[in-house]
Amino acid sequence: MHELGVVFEVIKTVKNFVDKNGLTKVDTIVLQIGELSSMIPKYIHECFPAAVDGTEFEETKLDIEIIPAEAICKECKYVFNIIRHKSECPRCESLEWGMLSGKEFSIKEVIAC
């Protein structure tokens with residue numbers, strides 16, 4: 001499960017941010033994870049308590065926003081969800097598209113004081 005290592009890196013990044021900005025408490029960490037990311041949100045949530053156990057982030061909440069897997073059709077320029085439409089443009093049925101979003105994994109926000 002590579003998610004545990006990734007969560008440890010997220011905590012390390014947040015710790016550096018907290019130290020650099022003189023913050024005292026982190027209430028919530030908000031992550032954005034694309035539908036086609038290699039990170040599985042359920043596993044990220046399950047790993048989070050282990051990653052923050054015994055740290056200053058034990059009381060910190062984790063919020064995950066899922067970014068839809070969106071593409072633009074190269075034929076008709078229609079924007080559609082790749083997963084919902086099984087990689088086929090619902091307007092013209094083309095299988096030629098360019099990915100717009102869905103592979104992201106980022107720290108969107110650190111809610112702190």
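Good morning. Please keep in mind throughout that the structure before you is a predicted model.

I begin with a general point. Strands of a sheet pair through backbone hydrogen bonds, and the pairing is either parallel or antiparallel.

Let us turn to the sheet that contains β1. This is an open sheet of three strands, in the order β2-β1-β6, and its pairing is mixed. The edges are formed by β2, residues 61-67, and β6, residues 105-112. Each of these two has a single partner strand, so one side of each is left without a neighbour in the sheet. From one strand to the next, the twist averages 20 degrees.

What is the sense of the pairing between β1 and β2? Strand β1, residues 26-34, pairs with β2 in the parallel sense, over seven bridges. If you wish to locate this pairing in the model, find Gln-32, which stands opposite Glu-65 in β2.

Next, the helices. Helix α1, residues 3-21, packs on the sheet and touches β1 and β6. The direction of α1 makes about 45 degrees with that of β6. Helix α2, residues 41-52, lies across β1, β2 and β6, and runs at about 170 degrees to β2.

At 1.5 Å a residue, its 12 residues should span 16 Å. The end C-alpha atoms of α2 are 17 Å apart, which agrees with that expectation.

Which residues of α2 are buried? They are Ile-44, Cys-47, Phe-48, Ala-51 and Val-52. Around the helix axis these residues cover an arc of only 130 degrees, which means that they lie on the same side of α2. What covers them includes α1, β1, β2 and β6. Just after α2 comes Gly-54, which takes a positive phi of about 80 degrees.

Finally, I come to the strands around β3. Strand β3, residues 70-73, pairs with strand β4, residues 79-81, in the antiparallel sense over three bridges. The hairpin of β3 and β4 has five residues between the strands, and in this hairpin Lys-77 takes a positive phi near 65 degrees. Strand β3 also pairs with strand β5, residues 97-101, again in the antiparallel sense, here over four bridges.

Thank you for your attention.

Key:
Residues are numbered from 1 along each chain as its sequence is written. This is a predicted model: local features need pLDDT of at least 70, side-chain atom pairs count only at pLDDT 80 or more; totals for chains, interfaces and linings use all residues. Side-chain values use heavy atoms; hydrogens and water are left out. Two strands pair if DSSP finds at least two bridges between them. Axes are lines fitted to C-alpha atoms, for helices over the stretch in contact, and angles run from 0 to 180 degrees between N-to-C directions. Contact means heavy atoms within 4.5 Å. The expected span of a helix is 1.5 Å times one less than its number of residues. Buried means under 20% relative accessible area, exposed over 50%, partly exposed in between (1.4 Å probe, protein chains only). The arc is that of the directions from the helix axis to the C-beta atoms.
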